[in-house]
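Subject: Structure for you to look over

Hello,

Here is the structure I promised to hand over. My notes on it follow below.

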Amino acid sequence: MKVQMESQMTDASEKTNKQTTTSPDIWTEMKELRNMVHNLGTTVVEQSEKLRNMEVRATASEAEAKEQRNTVTDLRVELMLTKNKVEEVEKENADLTAGLSGSKSRVEELQTKNQLGLNLSAMGDRVTASEAENAALETKLSASESQVEELKRATADRPKVAFSAGLTDSGTVGPFVAETTLVYTKIFSNIGKAYNPATGVFTAPVRGLYYISFTAMSVQTSFYFYAYMYKNGQKIMYSQGYNAGGYETLSNGVCLELEEGDVVYMRIPASNRLYDNSNNHNIFSGFLLFTV
């Protein structure tokens with residue numbers, strides 16, 4: 001701007017010199033020159049004012065920029081501190097996570113041990129219960145064994161009495177002129193030898209309860225047939241059958257309390273007949289239930 005002003009003043013001076021040499025009205029030209037210089041001064045003043053304002057703004061801008069730089073520096077420092085804090089927090093979180101994982105593992109281990117303890121306790125309870133049950137069973141077994149031994153001794157001491165015999169293989173038996181004792185001659189069993197196949201009489205060897213039974217068959221059509229059971233000469237059973245045609249059978253049995261030496265046998269009345277063969281339709285049987 002100063003160079004521009006000097007150029008303008010030079011042009012004005014040259015113009016004045018020219019006018020002095022070329023024009024007689026020098027005062028007019030000088031007046032114009034003064035006006036021009038005045039205008040130039042005003043312009044210089046205005047430009048100076050603008051320059052000062054620009055310098056002020058530049059100074060303010062520099063101050064603001066410096067403040068912003070300081071702010072940025074503070075923010076960078078704060079950011080660095082924040083990053084350090086974040087790293088510390090992350091490290092603490094990692095430590096806490098590791099500790100939590102270890103705690104979980106410990107808790108799981110303790111839970112496992114606790115469960116094992118509960119299982120062992122339950123197993124111990126079951127073992128105790130089983131031992132108690134075994135003890136009870138052993139007691140019962142011992143009692144049962146004792147009872148078995150007693151039964152064995154009782155069975156060993158008790159007389160064994162049983163017999164079963166068939167009548168005959170010869171066919172018709174009877175009729176007789178009087179009531180007759182049946183003699184069962186075919187021995188199937190005779191434990192204790194209490195039945196006599198020569199007489200047809202069973203003799204009780206001991207006092208006890210006996211079961212005595214018989215079967216009988218007739219082949220005489222339209223005929224009543226009978227069978228009697230006697231004890232010591234007393235009729236205790238009267239059995240009757242009727243043959244309407246073909247083969248007809250009857251059977252019966254009774255429990256008798258007999259004294260040692262009591263006798264039991266079968267009889268048929270006069271004019272009566274039975275039939276027997278190898279099929280054994282007529283059987284006389286008995287056995288001791290127990291002594292009394």
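**Salt bridges**

The structure holds 6 salt bridges. A salt bridge here is a side-chain nitrogen of Lys or Arg within 4 Å of a carboxyl oxygen of Asp or Glu. Before the details, two notes on the source. This is a predicted model, in which local features need pLDDT of at least 70 and side-chain atom pairs count only at pLDDT 80 or more, while totals for chains, interfaces and linings use all residues. Residues are numbered from 1 along each chain as its sequence is written, and side-chain values use heavy atoms, with hydrogens and water left out.

Start with Glu49 and Arg52. Their side chains meet in a salt bridge at 2.3 Å, N to O. Both residues lie in helix α2 (residues 26–157), 3 residues apart, about one turn of the helix. Helices (H or I, at least four residues) and strands (E, at least two) are DSSP runs, numbered from the N terminus. Glu49 is partly exposed, with a relative accessible area of 36%. Arg52 is partly exposed as well, at 44%. For these classes, buried means under 20% relative accessible area, exposed means over 50%, and partly exposed is in between (1.4 Å probe, protein chains only).

Next, Lys186 and Asp169. This salt bridge has an N to O distance of 2.4 Å. Lys186 lies in strand β4 and Asp169 in the loop between β1 and β2, so the pair ties together parts that are 17 residues apart in sequence. Lys186 is buried, with a relative accessible area of 16%, whereas Asp169 is partly exposed, at 48%.

Then Arg207 and Glu257. Their side chains meet at 3.6 Å, N to O. The pair links distant parts of the chain, 50 residues apart: Arg207 is in the loop between β6 (201–203) and β7, and Glu257 is in strand β10. Arg207 counts as partly exposed, at 35% relative accessibility. Glu257 is partly exposed too, at 46%. Arg207 and Glu257 also join Glu259 in a network of salt bridges.

**Overall shape**

The protein has 2 helices and 13 strands. Its C-alpha trace spans about 220 × 50 × 25 Å along the principal axes. The radius of gyration is 75 Å, but a compact globule of 292 residues would have one near 19 Å. That radius is taken over C-alpha atoms, and the globule rule is 2.2 Å times the number of residues to the power 0.38.

Of the 292 residues, 22% are buried. The accessible surface comes to about 19,900 Å², and 55% of it belongs to carbon and sulfur atoms. Accessible areas come from the Shrake-Rupley method with a 1.4 Å probe; for residues, only the protein chains shown count as cover. Among contacts between residues at least 6 apart in sequence, 69% join residues at least 24 apart. Contact means heavy atoms within 4.5 Å.

**Nonpolar cores**

The largest nonpolar core has 30 residues, of which Phe202, Tyr210 and Ile212 touch the most other members. The elements that give two or more residues to this core are β1 (162–166), β7, β8, β10 (248–258), β11 (263–268) and β13. A nonpolar core is a set of buried Ala, Val, Leu, Ile, Met, Phe, Trp, Tyr and Cys residues joined through side-chain atoms within 4.5 Å.

Tyr210 is worth a look. Leaving out residues up to four places away in sequence, Tyr210 touches several residues, including Val161, Phe202, Pro205, Val254, Leu256 and Phe287. A second, separate core of 5 residues includes Val201, Tyr226, Tyr228 and Tyr230.

**Surface patch**

Phe287, Leu289, Phe290 and Val292 make a nonpolar surface patch of about 320 Å². Patches are made of residues with over 30% relative accessible area and no salt bridge: like charges are joined within 9 Å, nonpolar side chains (Val, Leu, Ile, Met, Phe, Trp, Tyr) within 5 Å. Phe290 sits in strand β13 (residues 283–291). Phe290 is partly exposed, with a relative accessible area of 40%.

**Backbone points**

The peptide bond from Gly174 to Pro175 is cis, with omega near 0°. Pro175 lies in the loop between β2 (171–173) and β3 (180–181).

Lys193 has a phi near 55°, a positive value in a residue other than glycine. Lys193 is in the loop between β4 (186–191) and β5 (195–196), and is exposed, at 67% relative accessible area. Ser222 also has a positive phi, near 55°. Ser222 is in the loop between β7 (208–218) and β8 (223–231).

Best wishes
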